Amino acid sequence: METSTSWDGTITLANFNTAASALLERWNESNPTLPPWRWVPCSRLPCGVSRKDEGYLVLENIYHFMLNEEVTGEERYCSKEVKIDNGPPAENCDQETCIYDFHIVYSSSYRVPVLYFYAYRSDGQPLGLGDIEHSLPPHSMKILQEARWTYMTREEHPYLNRPWFMLHPCGTSDWMKLLFDRNLLANDLIVNQYLLSWLSVVGQAIGLKITSTMLKWPK
């Protein structure tokens, strides 16, 4: 990776894999009440070229409260005590909940990560765009309405070959460059912190919160 002063905000596939490992470790040790991110290896790139190190990150079965004036943004995600697993939600995760699956995929075109997500009700019925917007906390909708760096769209998942929603990566490299240029981090720290810092921004647009503890890296 280039020095932080000349770096263009993108990341190589090899550095994406390194950053993915760092995110896995940091997330899973800092969020014992949430399901863990996991790495799904793939034998083929989306373009059909074989690569042993190809894969993507997966976070599944996140129960998310549908819009309710009595539920704050911080309370919308159910914790493990409320039962996050493949079974039905517990009593206090009632029928006003939906379930989100998140995938972080490397884009070879933009050379940045992309957040894909799929939302569905407890009966398996997928949510449309209007339902997703209804389920998001107000601050997330405000970000999506005002942001110039991304927008929500639905495209074919590069590995699953079926439509998923995604946050478009058109402006990712620009704001990632600004994010790290302000801190003038060493190259190895940029790689290790890249995905977590990226997720702390894009996650806000979909209601996926990153705690401040997770962003405090050991010196």
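Predicted model: local features only at pLDDT ≥ 70, side-chain atom pairs only at ≥ 80, totals over all residues.
Local features need pLDDT of at least 70 and side-chain atom pairs pLDDT 80 or more, while totals for chains, interfaces and linings use all residues. Numbering runs from 1 along each chain as its sequence is written, and side-chain values use heavy atoms, without hydrogens and water.

**View 1. The chain holds 5 helices and 6 strands.** Helices (H or I, at least four residues) and strands (E, at least two) are DSSP runs, numbered from the N terminus. Their order is α-β-β-β-β-α-α-β-β-α-α. Of the 219 residues, 50% are buried (under 20% relative accessible area, 1.4 Å probe, protein chains only).

**View 2. Helix α1 (residues 13-30) crosses helix α5 (residues 187-202).** Their axes, lines fitted to C-alpha atoms over the stretch in contact, come within 7 Å and cross at roughly 65 degrees. That makes α1 roughly perpendicular to α5 (65 to 115 degrees, on a scale from 0 to 180 between N-to-C directions). Residues of α1 including Phe16, Leu23 and Trp27 meet residues of α5, among them Val191, Tyr194 and Leu199.

**View 3. Leu195 belongs to the largest nonpolar core.** Such a core is a set of buried Ala, Val, Leu, Ile, Met, Phe, Trp, Tyr and Cys residues joined through side-chain atoms within 4.5 Å. Beyond its neighbours within four places in sequence, Leu195 is in contact (heavy atoms within 4.5 Å) with Phe16, Ala19, Ala20, Leu23, Leu57, Ile104 and Pro113.

Terms used: Parallel < 35°, antiparallel > 145°, perpendicular 65-115°, else oblique.
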